[in-house]
Amino acid sequence: MPTIFSHKPTLRGDRVTLRPIRASDADPLDAIMRHDPEIAILTGSVHSLDEPVTNPPIDRMRETYGQWSTADDRLVLAVIDNDDGDCRVLGEVVLNEWDEENLSCGFRTLIGAAGCGRGLGTEATRLIVAYGLQELGLHRIALQVYAFNPRARHVYEKVGFRHEGTGRDALRFDGGWVDVDYMAALSTDPEPGLGMCLRALTERVRRRRPTLPAMRHADGARAVHEPRFAFLPQLPAGQDGASADSGLIVDALPGGFEAASDEAEGDVDREHVLVLVGVPRVDDGALG
């Protein structure tokens with residue numbers, strides 16, 4: 001019976017193309033894993049620096065990838081560099097562990113050394129996660145990353161994954177123990193890819209403006225509020241937004257509160273409005 005993973009799409013980005021996996025892709029992927037021992041270490045496939053990488057026989061790998069190319073329980077896409085005229089495989093991205101009732105699945109990725117440091121893995125991850133959440137109707141995509149792989153966690157945070165918990169001493173490695181971090185992205189989260197820029201913007205605003213904008217209730221009571229910043233599409237004319245004549249950035253908040261800043265952030269894209277979101281806390285000392 002067909003499932004959401006029965007269709008095997010080709011997803012194109014600015015830097016990479018994700019195409020359906022083929023049995024023949026086992027050969028370059030086997031070479032990537034054999035020639036880059038860091039992959040086995042960071043994925044927890046070995047338990048010491050001296051342990052050799054032992055992939056299955058290549059015939060078995062070809063058979064496995066051939067089965068995955070038509071599998072209904074997972075989506076496996078090869079990662080191709082758009083600037084590579086030979087269209088060589090740099091790695092793979094996978095949606096698996098599908099839970100139909102809960103509209104969720106797992107995610108894993110493998111990118112070889114040739115694709116590292118150029119943003120290719122970031123775009124590949126963003127493409128397949130967006131496809132899963134926006135096109136397939138998934139609500140949740142989850143992953144696990146070991147604590148000694150901060151580079152991968154940084155990529156996952158950039159595309160919208162959030163840290164949900166830590167499994168202590170999950171991997172034994174070279175006589176010690178390594179934690180595993182659990183992360184997930186939800187369809188109801190802010191648009192994937194905005195997380196890092198929002199945090200950076202928050203820090204810029206706080207450095208430039210050590211005093212937070214005053215929070216006021218409609219009846220004049222002050223409120224104490226620790227804001228977070230978010231981008232929203234520019235609001236239609238006549239609604240709360242950037243005031244061109246006063247230079248204020250104003251947005252209505254839940255409960256009748258408003259936040260106002262007397263200085264627009266210079267780096268803000270003028271096609272967007274900087275807003276403060278959250279539930280303010282009323283300062284009892286400011287009442288009446």
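Reader: Which term applies to I39, buried or exposed?
Author: This is a predicted model, in which local features need pLDDT of at least 70 and side-chain atom pairs count only at pLDDT 80 or more, while totals for chains, interfaces and linings use all residues. Residues are numbered from 1 along each chain as its sequence is written, and side-chain values use heavy atoms, with hydrogens and water left out. A relative accessible area under 20% means buried, over 50% exposed, and anything in between partly exposed (1.4 Å probe, protein chains only). At 13%, I39 is therefore buried.

Reader: Which residues does I39 touch, not counting those up to four places away in sequence?
Author: I39 lies in helix α2 (residues 37-42); helices (H or I, at least four residues) and strands (E, at least two) are DSSP runs, numbered from the N terminus. Contact means heavy atoms within 4.5 Å. With residues up to four places away in sequence left out, the partners of I39 are I32, M33, L110, I111 and G112.

Reader: How far apart in space are the C-alpha atoms of I39 and I111?
Author: I111 is among the residues that I39 touches. The two residues are 72 apart in sequence. From C-alpha to C-alpha, I39 and I111 are separated by 8.5 Å.

Reader: How is α1 oriented relative to α3?
Author: Helix α1 (residues 26-35) and helix α3 (residues 58-68) pack at an angle of about 120 degrees, with axes 9 Å apart. Axes are lines fitted to C-alpha atoms, for helices over the stretch in contact, and angles run from 0 to 180 degrees between N-to-C directions. Angles under 35 degrees count as roughly parallel, over 145 as roughly antiparallel, 65 to 115 as roughly perpendicular and the rest as oblique. The orientation of α1 to α3 is therefore oblique.

Reader: What is the handedness of the crossing of α4 and α5?
Author: The axes of α4 and α5 come within 9 Å and cross at roughly 45 degrees, which makes α4 oblique to α5. The contact is made by G121, T122, T125 and R126 of α4 and V155, Y156 and K158 of α5. A crossing is left-handed if the near helix is turned anticlockwise from the far one by less than a right angle, and right-handed if clockwise. The crossing of α4 and α5 is right-handed.

Reader: Which residues does F107 contact, leaving aside neighbours within four places in sequence?
Author: F107 is one of the residues with the most contacts inside the largest nonpolar core. Leaving aside neighbours within four places in sequence, F107 is in contact with V93, V94, L95, N96, T125, I128, I141, A142, L143, Y156 and F161.

Reader: What is the relative accessibility of E97?
Author: E97 lies in strand β4 and touches D73, S104, C105 and G106, not counting residues up to four places away in sequence. The C-alpha atoms of E97 and F107 are separated by 8.1 Å. E97 counts as exposed because its relative accessibility is 65%.

Reader: What is the phi of L103, approximately?
Author: L103 lies in the loop between β4 and β5 and counts as partly exposed at 42% relative accessibility. Although L103 is not a glycine, its phi is positive, at about 50 degrees.

Reader: Where is the place of C87?
Author: C87, not a glycine, has a positive phi of about 55 degrees. C87 counts as partly exposed at 48% relative accessibility. Its place is in the loop between β3 and β4.

Definitions and conventions:
Core = buried A, V, L, I, M, F, W, Y, C linked by side-chain atoms within 4.5 Å.
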